[in-house]
Amino acid sequence: FITATVFSLVDVAASNGASPSPSRAFYRPHDYDIVGEEVLYEGWRKVIRRTVQSPKLTKHIEFDVIDQTHSTGGAVIIFAWNSTSKSATIIREYMPGCHRVLGGLAAGLVEEKHGGSEEAAARHELEEECHLAGGTWYRLIEDDAAVPMDKYVQTEIVPYLVVDPHHVPNPRPIDDEEDIEIVSDVSAEEILQMVKKGDMNLVGGWGALLALVKLRELGEIE
């Protein structure tokens, strides 16, 4: 069984008769003003020195913010599930920031070639990184929502679950710098243990947990 704590927030809301708030309710109006921006470095990603006027302070505050150079619409992450084997297909790859090889989910940027479509980007990334296509797709957050990756990162992410995609014999090529191992037949319990043991990064673990919640709703797991 999947550990009950994964679903505790969902269960508590349901038991109280609560319904999810509209996603834009989580955009809180504020009085912080951006008064200047300067690009300090630009490569695959760029570092922006952002100067902000705080409503509580008389001085300006400077932050170093990370953005994607080649993205036009954020990023996507995809959890692939096989309803027959009751298992996931994930990836394992080198992550230069932590200098470790970790498990993860197919993921990538929403670029111009995707026409601004998050789902199109997700389908491309799944084919490139997991050699899978088709299936039944579920967006795991509200339709008009995207989740900021981090306090100091501009990129916002949309997570997806796909059930029963099929194998693609001649998939789209991965990026030149990527070295990805595809790992199939991973159980839901194994996914949860990977998250708890730090064998996924924060974004991958978050996407995986949202997918497990959805799979429980669908009756795929207990």
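User: What conventions apply to the numbering and to the values, and what pLDDT do local features need?

Analyst: Residues are numbered from 1 along each chain as its sequence is written, and side-chain values use heavy atoms, with hydrogens and water left out. Because the model is predicted, totals for chains, interfaces and linings use all residues, side-chain atom pairs count only at pLDDT 80 or more, and local features need pLDDT of at least 70.

User: How many helices and strands does the protein have, and what percentage of its residues count as buried?

Analyst: Helices (H or I, at least four residues) and strands (E, at least two) are DSSP runs, numbered from the N terminus. On this basis the secondary structure comes to 4 helices and 13 strands. Buried means under 20% relative accessible area, exposed over 50%, and partly exposed in between (1.4 Å probe, protein chains only). Of the 222 residues of the protein, the share that counts as buried is 37%.

User: Among contacts between residues at least 6 apart in sequence, what percentage join residues at least 24 apart?

Analyst: Contact means heavy atoms within 4.5 Å. Among contacts between residues at least 6 apart in sequence, the share that joins residues at least 24 apart is 63%.

User: Why do the buried residues of helix α3 lie on the same side, and which residues are exposed on the other side?

Analyst: The buried residues of α3, which spans residues 188-197, are Ala188, Ile191, Leu192 and Met194. They lie on the same side of α3 because they cover an arc of only 155° around the axis, the arc being that of the directions from the helix axis to the C-beta atoms. On the other side of α3, the exposed residues are Lys196 and Lys197.

User: Is Cys130 buried or exposed, and how many disulfides does the structure have?

Analyst: Cys130 counts as buried because its relative accessibility is 4%, whereas Cys98, at 37%, counts as partly exposed.

User: Is Thr51 buried or exposed, and with which residues is it in contact beyond four places in sequence?

Analyst: Thr51 lies in strand β2 (residues 45-53). Thr51 is buried because its relative accessible area is 15%. Leaving aside neighbours within four places in sequence, Thr51 is in contact with Asp33, Ile34, Val35, Gly36, His60, Ile61 and Glu62.

User: What distance separates the C-alpha atoms of Glu38 and Asp64?

Analyst: Glu38 lies in strand β1 (residues 33-42) and counts as partly exposed because its relative accessibility is 48%. Not counting residues up to four places away in sequence, Glu38 touches Val47, Ile48 and Arg49. Glu38 and Asp64 are 26 residues apart in sequence, and their C-alpha separation is 9.5 Å.

User: What is the volume of the second largest pocket, and which residues are closest to its centre?

Analyst: On a 1 Å grid over the protein atoms alone, a pocket is an open set of points with protein on both sides within 12 Å along at least five of seven lines, and lining residues have an atom within 4 Å of a point. The second largest pocket holds about 1200 Å³ of space, where grid points are joined across faces, edges and corners and the volume is the space filled by probe spheres set on the points. Of the 34 lining residues, those closest to the centre are Arg45, Glu93, Met95, Pro96 and Asn201.

User: Which element gives the largest share of the lining of the second largest pocket?

Analyst: Elements that give two or more residues to this lining include β3 (60-68), α2 (118-130) and α4. The largest share, 4 residues, comes from β5.

Notes:
1 Å grid on protein atoms, 1.4 Å probe; cavity = no way out; pocket = protein on both sides within 12 Å on 5 of 7 lines; lining within 4 Å.
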